[in-house]
Amino acid sequence: MSTEPAVSSSDEERLAQLGYKQELHRRLSGFSNFAVSFSIISILAGAITSYVIAMNAGGPFAITIGWLLVGIMVTLVSLAMAEVCSAYPTAGALYWWAAALAKRNKAAWAWFIGWFNFLGEVAVTAAIDFGAAITTSAFLSLTFDMEVTPGRTFLIFLVVIVAHGLLNTFGVNLVRLLSDVSAWWHLIGVVVVVVLLAVIPDQHKPISEVFFEVRNATGFGFTGATVYAVLIGLLMAQYTYTGYDASAHVAEETHDAANAAPRGIVMSVVVSVIAGFVLLFAITWSIQDYDAEAATSLGLPPAQIFIDAAGHDTGTFLLFICMVAQWFCGMASVTANSRMSYAFARDGALPGSRLWKQVNPRTGTPTNSIWLCVTISTILVLPSLWNTTAYAAATSIAVIGLYIAYVGPVFLRRRRADFQAGPWNLGRWSAPVGWISIAWVAFICVLFVLPTAGPITAGNFNYTVVAVAVVVGGATIWWFAGARRWFTGPRSNLLEKAAHGEQTMPTAND
């Protein structure tokens with residue numbers, strides 16, 4: 001078999017080989033590509049807002065050791081994904097790869113991987129911006145003595161997600177600038193938080209407890225409940241490590257995409273594993289009163305830890321660093337979400353695809369797709385007004401939807417002996433990395449639909465399984481009811497453009 005990559009003299013020509021005319025503006029550097037994924041992973045967002053999940057389920061052991069365990073497995077997943085991305089650097093990414101790699105039923109593979117990707121992207125956007133709203137509520141409570149309520153948190157969420165929709169509407173240049181700023185804000189912010197939490201507190205939690213103390217506040221008391229709690233607590237880390245497929249979704253806007261996009265995928269994860277571990281160690285090391293901080297009225301335990309360890313003013317400043325990082329994170333998530341939706345609509349897979357595939361000629365952004373994602377994410381957060389586990393459910397939905405989409409193409413790649421690798425590839429390590437990644441994702445997909453709190457009631461029910469079932473069931477019914485007769489998988493837009501008298505090959509001005 002040939003392992004030589006297809007040769008092209010430019011990103012635009014390679015995109016044409018994959019069947020598409022350059023429409024989006026290609027203005028992202030390799031660093032900007034990395035910054036988009038790193039901003040969505042956002043250790044100052046996911047690890048802070050979901051800290052309470054591991055704090056109650058597994059405790060410090062799940063927070064620190066669990067972070068490293070999950071980080072190692074996610075690094076393998078990112079490596080396997082990156083290899084496929086290098087061969088097919090297109091905005092369609094995961095579902096496009098599935099169609100290209102499937103030996104049979106290409107359209108069906110693309111359809112279902114695409115819908116899992118769409119579900120995960122919408123859910124992770126919802127979870128990120130809802131987490132940002134939780135952090136902003138805590139900040140406003142500390143600075144203006146605002147009472148934190150579900151209704152006020154939801155209103156703040158609306159402001160946050162609409163702002164992110166508007167920022168993305170203004171064009172890729174603004175997104176590039178803010179993504180670059182975001183990457184540095186995260187890295188410098190982690191250093192500031194860690195240094196202040198190491199120096200200021202008069203006392204710290206014993207190191208042995210930071211790594212090995214186990215807590216179970218899930219409400220489950222059956223034999224083995226402590227182990228179960230630790231496993232449930234892994235959701236904190238697994239949720240944080242989501243969104244790095246963004247580097248693939250913005251490949252059509254990135255220079256040297258066949259190398260820069262896979263590097264962006266992998267490096268965003270590796271840097272997050274290292275920086276996130278240092279951050280989580282510092283926060284857990286600074287816990288002064290575990291039970292009181294876990295049950296804080298601020299609704300965000302790390303905020304209370306900051307205040308108790310560093311004082312009101314310094315603690316509020318640390319929370320401000322996290323809050324800004326989370327706003328950056330949500331903006332990048334809307335970027336990736338809208339690009340995936342645009343590409344899926346470009347191939348006719350979304351209801352109203354003709355509307356969602358439109359690109360604003362002035363800004364070079366898929367404006368309609370941006371607001372579609374904002375709207376659906378808002379709907380997904382609505383249960384937060386009455387369901388106390390809505391945030392955990394949104395994180396679970398994001399993890400399951402995204403990770404099935406992540407390893408679906410990896411599984412198909414493992415079944416293709418004739419796979420032609422791109423310039424960035426794993427060589428002889430491809431098979432073990434790929435199969436371990438697939439096994440890990442199968443494990444977490446079962447784990448994160450299980451109950452997270454007991455005794456199980458309507459108020460704490462994990463509705464992850466319901467949301468996933470609705471999307472999978474809807475996609476399945478739609479497929480057999482009609483989509484299988486007209487959805488053919490990724491569609492080349494070159495003929496469509498030519499039919500309208502447009503250039504189909506890149507020029508110096510594209």
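## Overall fold

In the protein chain, residues 24 or more positions apart supply 84% of the contacts with a separation of 6 or more, a contact being heavy atoms within 4.5 Å. The model is predicted, with local features requiring pLDDT of at least 70 and side-chain atom pairs pLDDT 80 or more, while totals for chains, interfaces and linings use all residues. Residues are numbered from 1 along each chain as its sequence is written, and side-chain values use heavy atoms, with hydrogens and water left out.

The protein chain contains 22 helices and zero strands; these are DSSP runs numbered from the N terminus, helices being H or I of at least four residues and strands E of at least two. Its radius of gyration, taken over C-alpha atoms, is 22 Å, close to the 24 Å that the globule rule gives for 510 residues, so the chain is as compact as a globular protein of that length. That rule is 2.2 Å times the number of residues to the power 0.38.

## Dimensions and burial

The C-alpha trace spans about 70 × 45 × 40 Å along its principal axes. Of the 510 residues, 62% are buried, meaning under 20% relative accessible area (1.4 Å probe, protein chains only).

## Packing of α5 and α19

Helix α5 (residues 93-101) packs against helix α19 (residues 390-414) at an angle of about 20°, and their axes lie 9 Å apart. The two helices are therefore roughly parallel, a term for angles under 35 degrees.

The contact involves L94, W97, A98 and L101 of α5, together with A405, Y406, P409, L412 and R413 of α19. By class, these residues comprise eight nonpolar, no polar and one charged.

Notes. Axes are lines fitted to C-alpha atoms, for helices over the stretch in contact, and angles run from 0 to 180 degrees between N-to-C directions. Angles under 35 degrees count as roughly parallel, over 145 as roughly antiparallel, 65 to 115 as roughly perpendicular and the rest as oblique. Ala, Val, Leu, Ile, Met, Phe, Trp, Tyr, Cys and Pro count as nonpolar, Asp, Glu, Lys and Arg as charged, and the others, Gly among them, as polar. Buried means under 20% relative accessible area, exposed over 50%, partly exposed in between (1.4 Å probe, protein chains only).
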